[in-house]
Amino acid sequence: MKRKQNRNTSVKQKHLPIKWGALIGWIVLCEAAGIIGSLFTVSSIPTWYASLVKPSFSPPNWLFGPVWTILYTLMGIAAYRIWRLGMSKKTVRSALFLFLFHLVLNAIWSIIFFGGQNIPLGFVDIAALWVTIIVLIFRFCTLDQISAYLLLPYLAWVSFATVLNYNLWLLNP
């Protein structure tokens, strides 16, 4: 029955007009989380982060910015799609509350990891973020499958980042 409801919700989405201001607002909100994080990241990359022993699978530093920009855009689109289902619905409000909570966890990671230079506490935060993203995907899926699918690349990247964070912790006690 849920599958049928999900398809119907996605069909309903096709008939809703795009509210460009709201769509842009959700994307900007997500990108703002990245900007907040980058305020703590940029100065630490050439200094503290450069001094860390990194695992062999650590990507080049230049890759993080473009990847996060794309992921924050996809997150904003996903949240917008849920929002346009109607804030009068309790399920929509609770899903978006969880989304905003997860966005705080996302921004805090950079503050902890780069700003505080605290690899273990960064791991705790990113592990909590990872779990929250999984719950968020399931919650979004009950409302709109496309919104859930839009978060899958984000889950993949945070999964990779979690493994990277853990390995940095092991290599830099």
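Contact is taken here to mean heavy atoms within 4.5 Å. In this predicted model, phenylalanine 99 touches Trp26, Cys30, Met75, Ala79, Leu136 and Phe140, when residues up to four places away in sequence are not counted. Phe99 and Phe140 are also the residues that touch the most other members of the largest nonpolar core, which comprises 48 residues. At least two residues of this core are supplied by each of α2 (20-41), α3 (45-51), α4 (64-83), α5 (90-115), α6 (119-143), α7 (145-150) and α8 (152-171), and α5 gives the most, with 11 residues.

The packing of α2 against α5 was examined next. The two helices pack at an angle of about 15 degrees, with their axes 7 Å apart; because angles under 35 degrees count as roughly parallel, α2 is described as roughly parallel to α5. The crossing in which α2 passes α5 is right-handed. From α2 the contact draws on Trp26, Leu29, Cys30, Ala33, Ile36, Gly37, Phe40 and Thr41, and from α5 on Leu96, Phe99, Leu100, Leu103, Ala107, Ser110, Ile111, Phe114 and Gly115. By residue class, the contact of α2 with α5 is made up of 13 nonpolar residues and four polar ones, with no charged residues.

Proline 153 lies in helix α8 and has a relative accessible area of 37%, so that it is classed as partly exposed. With its neighbours within four places in sequence left aside, proline 153 is in contact with Leu71 and Leu74. The C-alpha atom of proline 153 is separated by 24 Å from that of threonine 91, the two residues being 62 residues apart along the chain.

Technical notes. Residues numbered from 1 in each chain as written. Predicted model: local features only at pLDDT ≥ 70, side-chain atom pairs only at ≥ 80, totals over all residues. Heavy atoms only, no water. Core = buried A, V, L, I, M, F, W, Y, C linked by side-chain atoms within 4.5 Å. Buried < 20%, exposed > 50% of the residue type's maximum accessible area, 1.4 Å probe, protein only. Helix = DSSP H or I, 4+ residues; strand = E, 2+ residues; numbered from the N terminus. Axes fitted to C-alpha atoms, helices over the stretch in contact; angles between N-to-C directions. Parallel < 35°, antiparallel > 145°, perpendicular 65-115°, else oblique. Left-handed = near helix turned anticlockwise from the far one by under 90°. Nonpolar A, V, L, I, M, F, W, Y, C, P; charged D, E, K, R; others polar.
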